[in-house]
Amino acid sequence: MSRLSTPLRSLTRLTTRQLSKTTTFNVTSKPLLSIQSRGYKNNAQPQPMRDVMTGEIIQLPDLDASSVKITKTTTPKKPLAPSKLVFGKTFTDHMLTINWNSANGWANPEIKPYAPLELDPSSTVFHYAFTLFEGMKAYRQEDGTVRLFRPDMNMARMNRSASRIALPNFDGEELTELIKKLVVLDSEWIPKEKGYSLYIRPTLIGTQTALGVGPSSDAMLFVICSPVGPYYASGFKPVQLLATTKFVRAAPGGTGGYKLGANYAPGVVPQAEAAKEGYSQNLWLLGDEHALTEVGTMNLFVAFKQPDGTVELVTPPLDDVVLPGVTRDSALQLARDHAKGDKIPGLPEKLIVSERKLIMKDLVEAEKNGTLVEVFGTGTAAIVSAVDKIGYEGRDIQIPTGSEGLGSIAKGLLDRIIGIQTGEIEHPWSVIANPKST
Ligand SMILES: Cc1ncc(COP(=O)(O)O)c(C=O)c1O
């Protein structure tokens with residue numbers, strides 16, 4: 001089956017809502033074309049749109065949340081007691097699946113009972129790592145309100161990841177709508193207790209059933225959900241990092257800035273080696289200057305005190321080697337807002353926020369001068385994680401973490417982000433999945 005050219009594929013990004021508002025539109029130099037009905041009646045599969053004159057396919061169906069088919073389980077499981085939850089081991093009753101192929105675009109989505117996938121062993125996902133994923137969370141309030149946190153960021157990153165490995169793009173707003181339907185259907189699985197949430201794992205895989213490295217003609221997007229407990233159930237636990245160049249997580253021109261499955265398996269052996277030496281995670285360095293990039297699977301923040309008492313909060317800039325974390329972006333925006341006057345308790349009165357290159361020499365000198373204030377990682381799972389020690393060139397750099405095991409900048413940001421995620425603090429980043437009016 002022939003593949004569509006890139007410009008043609010990008011046309012699939014027009015949403016169905018946009019289309020339904022329009023009856024004609026102009027495509028590049030072509031004459032005005034009429035839009036064919038997508039024929040969703042009785043859940044029929046959507047059809048490609050064709051040029052009425054030539055019959056040529058001009059637009060493939062995009063993701064359409066309104067055409068979802070929902071099949072509820074007839075054998076619901078009993079959710080585990082919250083105290084028994086282990087991260088990522090329990091899954092809810094339902095999942096979302098959507099198939100795509102290069103000839104027909106996105107098929108109708110299905111929400112159905114959670115079950116194993118049946119895939120041909122030749123599927124590209126198994127051989128060439130055509131797989132990417134997202135990690136996001138839903139929170140349930142006492143009154144049953146279910147909230148997502150900045151889902152638009154996850155959707156945008158997922159599309160960027162898809163583009164990097166020639167998997168199809170999709171309308172992120174439509175996938176968000178489908179995720180809302182899934183989490184609302186399974187909302188009884190979200191413990192209401194403080195600190196609990198539903199971890200959501202959207203995944204996109206290549207399912208072309210043929211060997212050979214090339215763009216996958218078939219793909220499947222699926223979403224599964226796992227109830228998770230508070231990361232800090234028994235107090236804050238700072239992590240210890242091993243900084244080494246023996247292993248490299250990502251390199252310029254590579255894929256470290258994308259959330260591809262292929263980036264993660266190679267991190268397991270370095271992590272195990274760090275653990276053997278008594279460190280919990282790797283501090284990923286790059287190049288001769290030993291530039292700091294990320295910590296384990298989190299973004300990195302370092303706070304330095306300047307001679308006049310101002311604190312500079314630094315994170316490495318986004319490029320090929322740093323994943324654009326949703327929590328990183330949130331921490332940066334909140335810290336910048338604080339600096340502008342929207343104060344966050346715990347953050348220093350005089351704060352400047354920088355995205356700039358950091359090298360190990362900066363940390364070694366700051367430790368020597370007593371100007372190293374805090375080091376922490378940010379990510380969806382823990383939100384923030386303090387670092388109290390970095391093993392580097394045969395010795396440990398000691399980092400203050402305060403009496404609670406979490407420095408005051410990390411704690412201030414953690415509290416503010418949790419407040420927004422759970423709806424205690426009203427904020428546009430928190431998106432309600434089950435608004436009361438519906
Ligand atoms: C390599 C890496 N860096 C950073 C992050 C943090 O990203 P986020 O804040 O979106 O969870 C993650 C986790 O998703 C990650 O895998």
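Colleague: How many bridges join E15 to E16, and do they run parallel or antiparallel?
Modeller: Four bridges join them, and E15 and E16 run antiparallel. Strands here are DSSP runs of type E with at least two residues, helices are H or I runs of at least four, and both are numbered from the N terminus. Two strands count as paired if DSSP finds at least two bridges between them.

Colleague: What should I know about the numbering and the confidence?
Modeller: Residues are numbered from 1 along each chain as its sequence is written. The model is predicted, so local features need pLDDT of at least 70, side-chain atom pairs count only at pLDDT 80 or more, and totals for chains, interfaces and linings use all residues.

Colleague: Back to E16. Which residue is the bridge partner of Trp-284 there?
Modeller: Glu-294 in E16 is the partner of Trp-284. Glu-294 also has a bridge partner in E17, Asn-299. E16 and E17 pair antiparallel over two bridges.

Colleague: What do the turns look like?
Modeller: The hairpin of E15 and E16 has four residues between the strands, and Gly-287 takes a positive phi near 80° there. The hairpin of E16 and E17 has two residues between them, with Gly-296 in the turn at a positive phi of about 55°.

Colleague: How many residues of E16 are buried?
Modeller: Four of its five, so E16 is mostly covered. The cut-offs use C-beta atoms placed from the backbone: buried means 20 or more others within 10 Å, exposed means 12 or fewer, and partly exposed is in between.

Colleague: New topic. Which lysine does UniProt list as the modified residue?
Modeller: Lys-259, listed in an unreviewed UniProt entry as N6-(pyridoxal phosphate)lysine. UniProt positions are in the numbering used here, feature names are shortened, and annotations may be inferred rather than shown by experiment.

Colleague: Where is Lys-259 found?
Modeller: In the loop between strand E14 (239-244) and helix H6 (268-276).

Colleague: Is Lys-259 buried or exposed, and why?
Modeller: Lys-259 is buried, because 23 other C-beta atoms lie within 10 Å.

Colleague: What is Lys-259 in contact with, beyond its sequence neighbours?
Modeller: Leaving out neighbours within four places in sequence, its contacts are Leu-132, Phe-133, Glu-134, Arg-157, Ser-161 and Leu-323. Contact means that the C-beta atoms, placed from the backbone, lie within 7 Å.

Colleague: Now the ligand. Which residues come nearest to it?
Modeller: Of the 13 residues around the ligand, Gly-325, Val-326, Thr-327, Gly-379 and Thr-380 come nearest. Strand E17 (298-305), helix H7 (326-340) and strand E20 (372-379) each give two or more residues to that shell. A residue counts as near if its C-beta atom, placed from the backbone, lies within 6 Å.

Colleague: Which element gives the most?
Modeller: H7, with three residues.

Colleague: How does the shell divide by residue type?
Modeller: Three nonpolar, eight polar and two charged. Nonpolar covers Ala, Val, Leu, Ile, Met, Phe, Trp, Tyr, Cys and Pro; charged covers Asp, Glu, Lys and Arg; the others, Gly among them, are polar.

Colleague: E20 came up. How is it joined to E21?
Modeller: By a hairpin through three residues. Four bridges join the two strands, which run antiparallel. Gly-377 stands opposite Ser-385 in E21.

Colleague: What other strands pair with E21?
Modeller: E14 pairs with E21 in the parallel sense over five bridges, and Gln-240 stands opposite Lys-389. E22 (residues 395-398) pairs with E21 antiparallel over four bridges, with Asp-396 as the bridge partner of Gly-391.

Colleague: Why is E21 called largely enclosed?
Modeller: Because seven of its 10 residues are buried.

Colleague: What about Glu-277, buried or exposed?
Modeller: Glu-277 counts as exposed, because it has 10 C-beta neighbours inside 10 Å. Its place is in the loop between H6 and strand E15 (281-286). Setting aside neighbours within four places in sequence, Glu-277 is in contact with Leu-242 and Gly-391.

Colleague: How far apart are Glu-277 and Gly-391?
Modeller: They are 114 residues apart in sequence and 9.3 Å apart in space, C-alpha to C-alpha.

Note on methods: Two residues are in contact if their C-beta atoms, placed from the backbone, lie within 7 Å.
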